Amino acid sequence: MSATETPRATVAELAALVGGELVRGDGALQILRVMPTDRADHGAVTFVTRPEYIAKLADTKASAVILAPDLLERDDVDIPAQVAIIAAKKPYVAFAKAAQLLAKKVPAPVGVHASAVIEPGAEIGPDVAIGPFCVIGGGAKIGAGAVLYPGVHVEAEATVGAGSVLYNHVVVRHGCTVGARCILHPGVVIGSDGFGFALSMNEEGVPSHEKIPQVGDVVVEDDVEIGSNSCVDRGALGSTTIGVGTKIDNLVQIGHNVRVGRGAILVAQSGVAGSSTLEDGVILGAQSGISGHLTIGAGAVVLGQAGVMKDLEPKAQVAGTPAEPKRDFFRSVLRVGKLDSLFSRVKKLEALASREGSSS
Amino acid sequence: MSATETPRATVAELAALVGGELVRGDGALQILRVMPTDRADHGAVTFVTRPEYIAKLADTKASAVILAPDLLERDDVDIPAQVAIIAAKKPYVAFAKAAQLLAKKVPAPVGVHASAVIEPGAEIGPDVAIGPFCVIGGGAKIGAGAVLYPGVHVEAEATVGAGSVLYNHVVVRHGCTVGARCILHPGVVIGSDGFGFALSMNEEGVPSHEKIPQVGDVVVEDDVEIGSNSCVDRGALGSTTIGVGTKIDNLVQIGHNVRVGRGAILVAQSGVAGSSTLEDGVILGAQSGISGHLTIGAGAVVLGQAGVMKDLEPKAQVAGTPAEPKRDFFRSVLRVGKLDSLFSRVKKLEALASREGSSS
Amino acid sequence: MSATETPRATVAELAALVGGELVRGDGALQILRVMPTDRADHGAVTFVTRPEYIAKLADTKASAVILAPDLLERDDVDIPAQVAIIAAKKPYVAFAKAAQLLAKKVPAPVGVHASAVIEPGAEIGPDVAIGPFCVIGGGAKIGAGAVLYPGVHVEAEATVGAGSVLYNHVVVRHGCTVGARCILHPGVVIGSDGFGFALSMNEEGVPSHEKIPQVGDVVVEDDVEIGSNSCVDRGALGSTTIGVGTKIDNLVQIGHNVRVGRGAILVAQSGVAGSSTLEDGVILGAQSGISGHLTIGAGAVVLGQAGVMKDLEPKAQVAGTPAEPKRDFFRSVLRVGKLDSLFSRVKKLEALASREGSSS
């Protein structure tokens, strides 16, 4: 593993990087790290994205702050005089870029470790790092600058794109493709068999299921990130695909022949059943589930733990099981919470009706 | 890894294999692969299991099709003259068998890799393949023809049956048993400790729990398949058992002392808490959960995300949390969706009653 | 791996160990194992913690039994004369301690395997065991007596405390800390990146998210146990912390900057979103979820599959999604089950009102 090094940038360089404007302060000041407003010190840049955090600025020891122009215009903004101010329209994105630049390089594999098993016919690009106990199958291709942490297996005929990072114990099974600049966290499995069986009984009436061979593959496009121990199954006949720039959290399940569009967000422990399609920019909350053979429209948002059982329109926002529009779900929750009183009211009406009935 | 090879069969051989009847066409025609109806080409067999897919047959380029006799008798079936027709009573099972035969062999470990650590006293059967970086403990038994992908650990006194395939990084902990012809996908853990603690407080009132040693084991019977990163915990004192032919999807949790019967189907991210029993043929939908110490009757079906809190009768079909009969669940969902109008109707009745009360 | 050995204790030693009283029997009798009441034999100690299991005692072949003093005073207790009786106030805790003492030692790695990669600058304490194919990064510290099973990776600058056991394929990423006497089951990932992105669009309107570098760490305190394939993400800027004595089951997800207190219990497949705090002794049921940025009060209990969307008071007991007090949840479930009849009753009232309206 290589030595660590400390990146740095001037305030002016930071402003340029994030597409912001240096509103106040010394552009030549050196910035070494990003930190939260209340813990930032000299040499740190901090950021404020929401009005409720403005108050913390009054006491900050940061050397610079990134915030939105509209926050800057508020009466209650009080930033100590020594703090340089960078105005950026999307301060959270700006912060992300600043943090990317200033993130300390951590140790990573360098070169190809002597213990790695690289089978004949594998193509290893320039500047690839392959850690101890990795296995690269015949016909596999590892693109330039890719980094494979210890214990990664890239099987025969599989491809890993340039600049991708595969962390410890990641498995890319045979014939699957991982694009460029992807990040696969420890324990991710790409291309294990989809869950396909012809349910059946044997002569004695005991369930006995026939396996449908899963002969498709997985195509993970560029700039995808997949969290620890998540699984993407190979297609039964065709491909399971994860679109450009999609981000998947830990312990997520993607079934066979699923098609995830570009820039989707799948939060931890969510799952998508076989043959469903998520269009661009869909957001799945934690522990939510999508049934099989559905289409989830672009930009739809599925709240945590929701269970989606039918197609969703683009930009739909749903909650509950079976999932319904978010607004309906929360109104139903309110109504159900008042059922006790409704039962009482109906009882009272019945008593009244019975009294009137007997009195008339 | 070995070279790939292409299996093939004649139409007549296929018909015999699937127990079907060659209704039309040249029995000597060579079939090389299975494909979906709309993408099939010369040399491919396709299949139709549902009426809604019949229309696609008119344009297929497949050399043969497998379908049910009753579909064949429909007026709207139009199959191009060059397509051989195999009638099979269970076309999906027939397709599974055809696909198994025709699935291209993919590269797999061959022989015992020099880097594998095989401890003294391990018994390795004939024709076993053990990939790089595997570890086999003392007293472990690996049956004839089993295939261990790279990074598999079979600990001391554990057993893997003949013909089983353990994919990358599978762990079978000490003393556990995996039957014959099982398939364990990457990252499966068999026999880690069950979650057993005596909850307690220390003298200062801080929770401090005593671990209950988990000294049982796991018995996975023959023909079981378990998906990526799923976990089966060892029994606290006795065994956790997975019955013959059960199929388990990815990221599934099986607690200690659970008994799963034969031919059960556990879909992704479902979980079964300690000491529960699933009888033969139970189906657990995705993300569903079974509480501890329950008995789920044979053939019961638990819908996705359901939470089962009491025993289920055989063939019960349940949904929701707490789980109730599927029919009741969906009726309640409908009723709750109409609560807004019910509240209005009650309000109107109250207004009426109050007017009458004041007018009388 | 070392040979197994059989621990043993006298009945008197057991009574002292568990803080109980030898009420009857020969204190010098040798006890070799713990077993369930109905399967126990000579040399075994068994235990009864609940009244409903008392009946099984009449036929037990155990040499000794541990049970609570109040059970002992019941009329229906019938224990064969040859069974020694130990009275202990917390019989389940007593059983845990007895089982810990008597658990058969199972084979485990001994010494440092020749295949392990230990980088320069790693500090390996005395009596540490490191199995085959482990990787220890530069500057990592492994405390005295720790046991690393095959395939464990402890990255640079990470720390594993004395006496901890890391099972197969566990990954402790760079700079993270695992305390003393912890148990991490196979496939656990400590310190992978938190799920942090600035959601954005590119010029073509396609979602394109900026990664927020995750530069914090994970601190797992002493006596923590974490189940197979569970994940604890590193903090974005600060630390994710797991308090002393907390027990986490399999397939659990802990987001970045989460703080779990002491002695918490997180059951299988539960998840905690970023920046939430669980105070001491919180219990999360299986498949439950905690939204981000919440505080869950000490001793709160979240039932299985619940979805918590706001802060909880200490000792709160909640169920459902969104989570509400357990009592309210189950009352609502009952009410919803009677909606059919309520709709009928309102309909009848309306018919009555309409008749009266027309008759008046």
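Reader: Let's start with the domains. What distance separates the centres of domain 2 of chain A and domain 3 of chain A?

Author: Taken over C-alpha atoms, the two centres are 49 Å apart. Keep in mind that this is a predicted model. The domain assignment places domain 2 of chain A at residues 117-327 and domain 3 at 328-359, with domain 1 covering 9-102.

Reader: How many residues of domain 2 of chain A are in contact with domain 3 of chain A?

Author: On the domain 2 side there are 6 residues, in contact with 4 residues of domain 3 of chain A. The elements giving two or more residues to that side of domain 2 are β39 (324-325) and α4 (326-337) of chain A. By class, the domain 2 side has 3 charged, 2 nonpolar and 1 polar residues.

Reader: Now the sheets. In what order do the 11 strands of the open sheet in chain A run?

Author: Follow β10-β13-β16-β19-β24-β27-β30-β33-β36-β38-β39 in chain A; the pairing in this open sheet is mixed. At the edges stand β10 (129-130) and β39 of chain A, each with a single partner strand, so one side of each has no neighbour in the sheet.

Reader: Can you show me one pairing inside that sheet?

Author: Gladly. Strand β24 (residues 225-226) of chain A pairs with strand β27 (residues 247-248) of chain A in the parallel sense, over 2 bridges. Look for E225(A), which stands opposite K247(A) in β27(A).

Reader: Which strand pairs with β17 of chain A, and is the sense parallel or antiparallel?

Author: The partner of β17 (residues 171-172) is β20 (residues 189-192) of chain A, and the two pair in the parallel sense over 2 bridges. Here V171(A) stands opposite V189(A) in β20(A). β20(A) also pairs in the parallel sense with strand β25 (residues 231-233) of chain A, over 3 bridges. In that pairing, I190(A) has V232(A) of β25(A) as its bridge partner.

Reader: How many residues meet between chain B and chain A?

Author: Chain B has 56 residues in contact with 53 residues of chain A. The elements of chain B giving two or more residues to this side are α3 (91-102), α4 (326-337) and α5 (339-359). Its residues divide into 27 nonpolar, 19 polar and 10 charged.

Reader: And which element gives the largest share of the side of chain B that touches chain C?

Author: There, 53 residues of chain B are in contact with 56 residues of chain C. The largest share of the chain B side, 5 residues, comes from α5(B). By class, that side divides into 24 nonpolar, 21 polar and 8 charged residues.

Terms used. Residues numbered from 1 in each chain as written. Chains lettered and ligands numbered in written order. Predicted model: local features only at pLDDT ≥ 70, side-chain atom pairs only at ≥ 80, totals over all residues. Domains from an automatic or database assignment. Contact = placed C-beta atoms within 7 Å. Helix = DSSP H or I, 4+ residues; strand = E, 2+ residues; numbered from the N terminus. Nonpolar A, V, L, I, M, F, W, Y, C, P; charged D, E, K, R; others polar. Pairing = 2+ DSSP bridges.
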